[in-house]
Amino acid sequence: MPAAIDALSMAMSGTLLWAGLEKCRNIEGIAAAIRDLGIGTQALAIGLLVAAVEIALALGLIFAPAATAVQLGVALLAALFAASGAWALATGRLVRCNCFGSTGNQRLGAAQLWALIPWLGAVAILHAQASGPASASEGFLQLAIVALALAGVRAAGVVQASHGARGDRLSATEMLKWLP
Amino acid sequence: MVTLTLVLIAVLAIVNFLMFGALVELFRDVRQLRDIVGVLDRPLHLGIGRVAGTAPSLYGLPGALDSANSAVVLFLSDKCSTCRTLAASLEGRSLPLGLWVIVEAATENAAQAFVETLGLNTQQADGRVLVDVDGAIASRIGLDTTPVGFQITNGRVVEATTVPSVRYFQSIVPTPIQLKPALVA
């Protein structure tokens with residue numbers, strides 16, 4: 001059971017770490033989403049804050065998943081995203097989510113509302129079962145596993161994109177011969 | 001020491017994650033630029049409507065296609081440059097099994113000239129390179145663009161796509177899998 005709880009907290013941590021790092025890589029994306037929600041002032045600062053909170057909670061889920069502050073933080077963040085989705089739906093705003101970076105085309109809306117359920121469920125499980133890593137080394141091991149998993153998933157995307165680019169390059173060689 | 005190593009691994013993995021993300025974006029930028037120039041190796045699916053699920057012979061295509069498990073019918077025109085490139089890729093070698101080529105041209109002579117210029121006449125002998133004078137077959141299908149590949153599965157027309165490059169063309173040509181001859185004891 002503790003292994004399953006560790007896996008759950010690592011999965012949650014990975015999700016938040018991905019979202020936070022991607023937002024840091026292109027902070028303008030989340031700032032634009034915040035502006036589109038109608039919060040014009042300090043959009044950039046709020047975006048940075050959201051990214052920082054996500055990363056902090058990701059680390060918290062690894063090193064102190066049993067901490068009330070971490071669990072409360074995750075629940076509040078999920079609620080905040082759900083509220084943003086509900087606000088976008090209610091006001092009819094078409095807001096690009098930029099939840100996991102600016103590469104996707106997802107829009108804020110029902111997905112964030114539905115996501116609230118598994119997030120709250122996971123927090124409830126952590127609240128009931130989590131005890132946290134036995135030592136700092138174990139925590140860093142879990143963090144390394146999460147980070148390697150993120151890099152691995154991204155690497156798969158790079159390989160896929162490079163295959164596509166290679167195909168385009170090979171066909172371009174012949175296409176350029178007949179293009180006007 | 002172990003902790004320090006784990007920290008380093010985590011940090012390096014995160015750096016890799018960020019750099020891979022930048023790389024994916026670069027690939028997307030390149031694809032966007034290629035899209036603007038129109039040099040993407042991307043076939044377009046054609047809506048074949050009523051033709052889907054029908055027998056190829058209904059449109060004047062060879063009756064042998066009606067019993068083909070898997071085949072591709074490639075429509076080429078003597079006026080299209082890509083068609084010439086595709087046809088040239090077949091020059092000097094036998095036509096792959098499962099591939100049928102229909103050459104559209106305004107006249108019989110123009111079609112034969114296309115076939116001969118690109119060396120398809122040697123493959124014409126087995127009847128898998130056909131001439132469609134004045135687009136008679138194409139008009140029955142409702143086809144007004146080339147080069148286009150029609151996929152035939154179990155004797156029925158399944159789908160059609162444009163064929164933008166030799167590379168894509170080679171990827172859609174079916175590779176028949178045959179049973180090995182029985183060993184007689």
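Mentor: In this predicted model, let us begin with helices H4(A) and H5(A), whose axes come within 8 Å and cross at roughly 165°.

Trainee: How are H4(A) and H5(A) oriented to each other, roughly parallel or roughly antiparallel?

Mentor: Angles over 145 degrees count as roughly antiparallel. H4(A) and H5(A) are therefore roughly antiparallel to each other. The crossing in which H4(A) passes H5(A) is left-handed.

Trainee: Which residues of H4(A) meet H5(A)?

Mentor: On the H4(A) side they include A:Val74, A:Ala78, A:Phe81, A:Ala82 and A:Leu89. Among their counterparts in H5(A) are A:Leu113, A:Leu116, A:Trp119, A:Leu120 and A:Val123. By class, this contact of H4(A) with H5(A) has 17 nonpolar, 5 polar and no charged residues.

Trainee: At what angle do H3(A) and H4(A) pack?

Mentor: The angle between H3(A) and H4(A) is about 140°, and their axes are 10 Å apart. That makes H3(A) oblique to H4(A). H3(A) passes H4(A) in a crossing that is left-handed. In the contact, A:Val53, A:Leu57, A:Gly60 and A:Leu61 of H3(A) meet A:Val70, A:Gly73, A:Val74 and A:Leu77 of H4(A). The residues of this contact of H3(A) with H4(A) comprise 6 nonpolar, 2 polar and no charged.

Trainee: Which residues of H1(A) meet H5(A), and how are the two helices arranged?

Mentor: The arrangement is read from the axes: H1(A), residues 2-25, and H5(A), residues 110-129, pack at an angle of about 140° with their axes 11 Å apart. The two helices are therefore oblique to each other, and H1(A) passes H5(A) in a left-handed crossing. From H1(A), the residues A:Ile5, A:Leu8, A:Ser9 and A:Met12 meet A:Ala122, A:Ile125, A:Leu126 and A:Gln129 of H5(A). The contact of H1(A) with H5(A) divides into 6 nonpolar, 2 polar and no charged residues.

Trainee: How many helices and strands does each chain contain?

Mentor: Chain A has 6 helices and 0 strands, and its pattern along the sequence is α-α-α-α-α-α. Chain B has 6 helices and 6 strands, running from the N terminus as α-β-β-α-β-α-α-β-α-β-β-α.

Trainee: What part of each chain counts as buried?

Mentor: In chain A, 36% of the 180 residues count as buried; in chain B, 34% of the 185 residues do. As for sequence separation, 73% of the contacts in chain A between residues at least 6 apart join residues at least 24 apart. In chain B, residues 24 or more positions apart account for 76% of the contacts with a separation of 6 or more.

Trainee: Which residues touch the most other members of the largest nonpolar core?

Mentor: The general idea is that, in soluble globular proteins, nonpolar side chains tend to be buried together. Here the largest nonpolar core has 42 residues, and those touching the most other members are A:Ala144, A:Val146, A:Ala147, A:Leu150, B:Ala10, B:Ala13 and B:Phe17. The elements giving two or more residues to this core are H1, H2, H3, H4, H5 and H6 of chain A together with H1 of chain B. H6(A) gives the most, with 8 residues. A second, separate core of 39 residues includes B:Leu65, B:Leu120, B:Ile152 and B:Tyr168.

Trainee: What does B:Ala10 touch?

Mentor: Leaving aside residues up to four places away in sequence, B:Ala10 touches A:Phe140, A:Leu143, A:Ala144 and A:Ala147.

Trainee: Where is phi positive in a residue other than glycine?

Mentor: A:Asn98 is one of the cases, with phi near 55°, and A:Asn98 is found in the loop between H4 and H5 of chain A. Another is B:Asn154, with phi near 50°, in the loop between E5 and E6 of chain B.

Trainee: Are A:Asn98 and B:Asn154 buried or exposed?

Mentor: A residue is buried if 20 or more other C-beta atoms lie within 10 Å of its own, and exposed if 12 or fewer do. A:Asn98 has 27 within 10 Å and is therefore buried. B:Asn154 has 10 C-beta neighbours inside 10 Å, so B:Asn154 counts as exposed.

Trainee: Which peptide bond is cis?

Mentor: The bond from B:Thr146 to B:Pro147 is cis, with omega near -5°. B:Pro147 lies in the loop between helix H5 (136-141) and strand E5 (148-153) of chain B.

Conventions:
Residues are numbered from 1 along each chain as its sequence is written. Chains are lettered from A and ligands numbered from 1 in the order in which they are written. This is a predicted model: local features need pLDDT of at least 70, side-chain atom pairs count only at pLDDT 80 or more; totals for chains, interfaces and linings use all residues. Axes are lines fitted to C-alpha atoms, for helices over the stretch in contact, and angles run from 0 to 180 degrees between N-to-C directions. Helices (H or I, at least four residues) and strands (E, at least two) are DSSP runs, numbered from the N terminus. Angles under 35 degrees count as roughly parallel, over 145 as roughly antiparallel, 65 to 115 as roughly perpendicular and the rest as oblique. A crossing is left-handed if the near helix is turned anticlockwise from the far one by less than a right angle, and right-handed if clockwise. Two residues are in contact if their C-beta atoms, placed from the backbone, lie within 7 Å. Ala, Val, Leu, Ile, Met, Phe, Trp, Tyr, Cys and Pro count as nonpolar, Asp, Glu, Lys and Arg as charged, and the others, Gly among them, as polar. A nonpolar core is a set of buried Ala, Val, Leu, Ile, Met, Phe, Trp, Tyr and Cys residues joined through C-beta atoms within 7 Å.
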